[in-house]
Amino acid sequence: MSALFKPSANFIARFSLVAVASVLGGGLLGLWGYFRTPYAQGLQEEIVQPVLFDHRHHVVDDLIDCRYCHFNVERGASAGVPSTEMCLNCHSQIWNKSPKLEPVRRSYFTGAPIEWNRVHQLPDFTYFNHSIHVGKGIGCATCHGRVDEMAAITKVASLQMSWCLACHRNPAPNLRPKDQITSMTWQPPADPAAAQLLASDLMKSYDVNSRVSCTTCHR
Amino acid sequence: MSAERVVLGKYPSVDALYGAARALQASGHSALDFYSPYPLPGSDEVLKLRRSPVPFVAGAAALVGVVSGVLMQWWMNDVDYAINVANRSVVPSPTWMPVTFELGVLLAGTSIFFGLMALFRFPRPYDPLFEVEAFRSATIDALWLSVAVKAEQVSTVSDELRRLGAAEVELVPEEA
Amino acid sequence: MTPPAQAAAEREALAPMPLIAGHPTDAQLNTELLAPIFSPNETWKKLVGLAAMGSGMLVIGLTVTIARGIGMWGNNQPVGWAYDIINFVWWIGIGHAGTLISAILLLFQQKWRTSINRFAEAMTIFAVMQAAMFPLVHTGRPWFAIYWLFPYPNTMGIWPNFKSPLIWDVFAVSTYFTISLLFWYLGLIPDLATLRDTATKRTQRIAYGIFALGWKGSSRHWQHYRIGYLILAGISTPLVLSVHSIVSFDFAVSQLPGWHTTIFPPYFVAGAVFGGFAMVLTLIIPARKVFRFNNVITDRHLENMAKVMLVTSMIVSYGYLMENFMAWYSANPYESYLFFVTRPFGHYAAIYWIMLFCNVIVPQTFWWKKARTSVAWLWIASILVGIGMWAERFVIIVISLYRDFLPSSWGLYAPTWVDWFIFGGTISFFSLLFLLFLRFVPSVALAEVKELNHEMQHEKAHAAGGHP
């Protein structure tokens, strides 16, 4: 005469239910959290290029403006990746025998472009245009970070839609005067009141509006 | 605290079961319960059970579902990311009715189920009653009565159950 | 014969057929209704094998769809919805009869529901599972679709559009599935406990014991249980009405001739119950033969279901009539063209006429008691109605779409082999689940049949003039 289950079965039954629920819930929560980590967003990955190109040297030491190489940023959807000829504007004269520049010379003489590795990749269903952002006072560093401090370029913005929306809903804090567009060090005025005054001035003079309609980016 | 024991009696009919219960209640035993393969009409009155809280749980859950449904749709579609469909009136939109209704039903239904599980303290695969082999008939074709008594009363109560028409009397073993 | 005895005999002749044949005891009912679980059945094994092989088609169809995309299906502009939505609506409609039987008939205290409600509820759950698969897969890449379907804080910072009937559908179908499952399981708990206590093999006892959760039939539990079960039935009733109304909104809220009709919600609900009852009959007639449930699923049950089908068929026919009337009365050229040219004489006219024959003409035979009590005809008619209801969804979806407003956009639709595999696969998978259910779960609600048996014996004792 004995029962089918031992008294401990009650604890086991409840514990296993709680365990299953926690694993399922924890799994979902884990997925939710994972996509918010810099790792999942590809933020800490240094993208290595076929040529050992160092932005720090070109921007800080040589004081070359972003727009010298990314010449199309004020006119087109894409900022433009410099052609090999662009590199040789200088490097036909200086460091023209450096072994580090061998891939550039090979590209020039064979006519095959350098295969740069892409850092920022938006899906095709997202319409993005550099010129409108630059033209309305969004600086390079706002989205691309301190490129002047990067040996190899690293993504600093997730490019997730919520990141885009944060600025599209409230662009004011990210605006800067257009003559400071390519500055890596420009900061809004430290005094909050002055910063707000500048932001609202810029909103008005550049005609910046919040844009959250679906068709702004998905057309 | 004197140890409590549970005595079981098997009765041939509902009338005999209720008669025995009433006699036991008259002699001061109130910790009674019946076990049957299907719900017995009138058992609530005989056992003097209080009203079940289940309807209130269901009603409260339905209300929570409806209110949170409205708030959710309002916050998501009108506040956090306003979707303007052809400039139609936004708050409250008749288009919210289906989702609001479904959420009310969903919350009410799930809380009834899980509320019942909590009331029964389920899952509880082990119960001291299951130690009694004959008690298996409780879910098949037999009517059982249980009464919790002090250890020293076991024999007198057992005799009384038999006198009240029990076909079989069993003492539930103490929990191991 | 003395006059009172004669009157009693005449009354007896007029009385409806019994709901439980014979005068079984609880123990007899127990043995009889649990027999399928304890005795293996050769026919069952063959059918399971067949259904399992058929389910392979579903695996193939879904794999191809997910690997290669929904381009493998036949639908393309202008027919953007085809087998996916036809089958979705067909399956979810079938589910409705289950809830109707278990919940609405419970509220109306229709005693004849008792021996068929478990079947019907299982049918609901399995049918909704098949149904839910279609909209999920037709999103193409379902793992990317979760953020349109459920409101959760996603990395895009957007929410579903609650003004869309497709979102209403998601909420309706997932609520319907959850509530049906809980309702079904709650009803099963006492019967699983009975199985735990009846079974002799230890493994069986443990398996059923785990799922019985420790039910012991205590009156203190029954008190909460009954009220909880009744309220679940109470909320399932408006729920089932809402689900097919919402499914009909998918069409009715649009602007297409043949879709944007205000009669759609009631007409869809009636159609769902109609098709669902047909499916119950299709399943229950062979099941009761194979498992010998004739004592509790009597001819009276079948006859009652035939009556429900007759009524719902008339509601559906009224819907057809009203659609045509509105098309004529509105004098809208697109409406008229659809209802008076495309449907009756267009490329898919045969399907339209099959629909009318199966849904309007066939059930009319149920005016005759002979048709309602002939098991063979009931089974054939139920299958015809199943076909008719499928044809109805085809008529609504494909025929409205393939003739667009602009003749330059006209086009035809033909299903591909993947469409057929998925459709056939869901039928097989449904059958497989149902067969497993018949074998491993008490397919007749034991506790409720026992309760009904006692009630009826009690009533009989009263009618005989004996004191209680």
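A:Cys90 is partly exposed, with a relative accessible area of 32%. Here buried means under 20% relative accessible area, exposed over 50%, and partly exposed in between, using a 1.4 Å probe and protein chains only. This is a predicted model, in which local features need pLDDT of at least 70 and side-chain atom pairs count only at pLDDT 80 or more, while totals for chains, interfaces and linings use all residues. Residues are numbered from 1 along each chain as its sequence is written, chains are lettered from A and ligands numbered from 1 in the order in which they are written, and side-chain values use heavy atoms, leaving out hydrogens and water.

**Cysteines**

- Over all chains, the structure holds zero disulfides. A disulfide is a pair of cysteine sulfur atoms within 2.5 Å.
- A:Cys87 is in no disulfide. Its nearest cysteine sulfur belongs to A:Cys69 and is 6.9 Å away.

**Domains of chain B**

- Chain B is assigned domain 1 (4-50 + 128-171) and domain 2 (54-120). Such bounds come from an automatic or database domain assignment.
- The centres of domain 1 of chain B and domain 2 of chain B, taken over C-alpha atoms, are separated by 45 Å.

**Nonpolar cores**

- The largest nonpolar core has 171 residues. A nonpolar core is a set of buried Ala, Val, Leu, Ile, Met, Phe, Trp, Tyr and Cys residues joined through side-chain atoms within 4.5 Å.
- C:Phe119 and C:Phe251 have the most contacts inside this core.
- Helix H7 (residues 165-198) of chain C gives the most to this core, with 17 residues. Helices (H or I, at least four residues) are DSSP runs, numbered from the N terminus.
- Leaving aside neighbours within four places in sequence, C:Phe119 is in contact with residues including C:Ile284, C:Phe293, C:Phe434 and C:Leu438. Contact means heavy atoms within 4.5 Å.
- Another core, of 24 residues, lies apart from the largest one. Among its residues are B:Leu24, B:Leu32, B:Leu143 and B:Val169.
- B:Glu160 is in helix H5 (residues 154-163) of chain B. B:Glu160 is buried, at 18% relative accessible area.
- Beyond its neighbours within four places in sequence, B:Glu160 is in contact with B:Ala23, B:Leu24 and B:Ser27.

**Chain B against chain A**

- In this interface, 10 residues of chain B are in contact with 15 residues of chain A.
- About 1,300 Å² is buried between chain B and chain A, and carbon and sulfur atoms give 60% of it. Buried area is the accessible area (1.4 Å probe) that two parts lose on being put together, summed over both.
- Chain B and chain A have zero salt bridges between them. A salt bridge is a side-chain nitrogen of Lys or Arg within 4 Å of a carboxyl oxygen of Asp or Glu.

**Chain B against chain C**

- Here 63 residues of chain B are in contact with 57 residues of chain C.
- The two chains bury about 5,300 Å² between them, 68% of it on carbon and sulfur atoms.
- Chain B and chain C have two salt bridges between them.
- C:Lys216 and B:Asp127 form a salt bridge at 2.9 Å, N to O.
- B:Asp127 also forms a salt bridge with B:Arg124, the closest N and O atoms being 4.0 Å apart. B:Asp127 counts as buried, at 7% relative accessibility.

**Salt bridges over the whole structure**

- Over all chains, 25 salt bridges are found.
- C:Arg118 pairs with C:Asp191, with the closest N and O atoms 3.0 Å apart. C:Arg118 is in helix H5 (residues 117-137) of chain C and C:Asp191 in helix H7 of chain C, 73 residues apart.
- C:Arg118 is buried at 2% relative accessible area. C:Asp191 is buried at 0%.
- C:Arg226 and C:Glu451 meet in a salt bridge at 3.8 Å, N to O. C:Arg226 lies in helix H9 (residues 219-252) of chain C and C:Glu451 in helix H17 (residues 446-463) of chain C, so the pair ties together parts 225 residues apart in sequence.
- C:Arg226 is partly exposed at 42% relative accessible area, whereas C:Glu451 is buried at 17%.
- A network of salt bridges links C:Glu303, C:Lys307, C:Lys369 and C:Arg372.

Terms used
Helix = DSSP H or I, 4+ residues; strand = E, 2+ residues; numbered from the N terminus.
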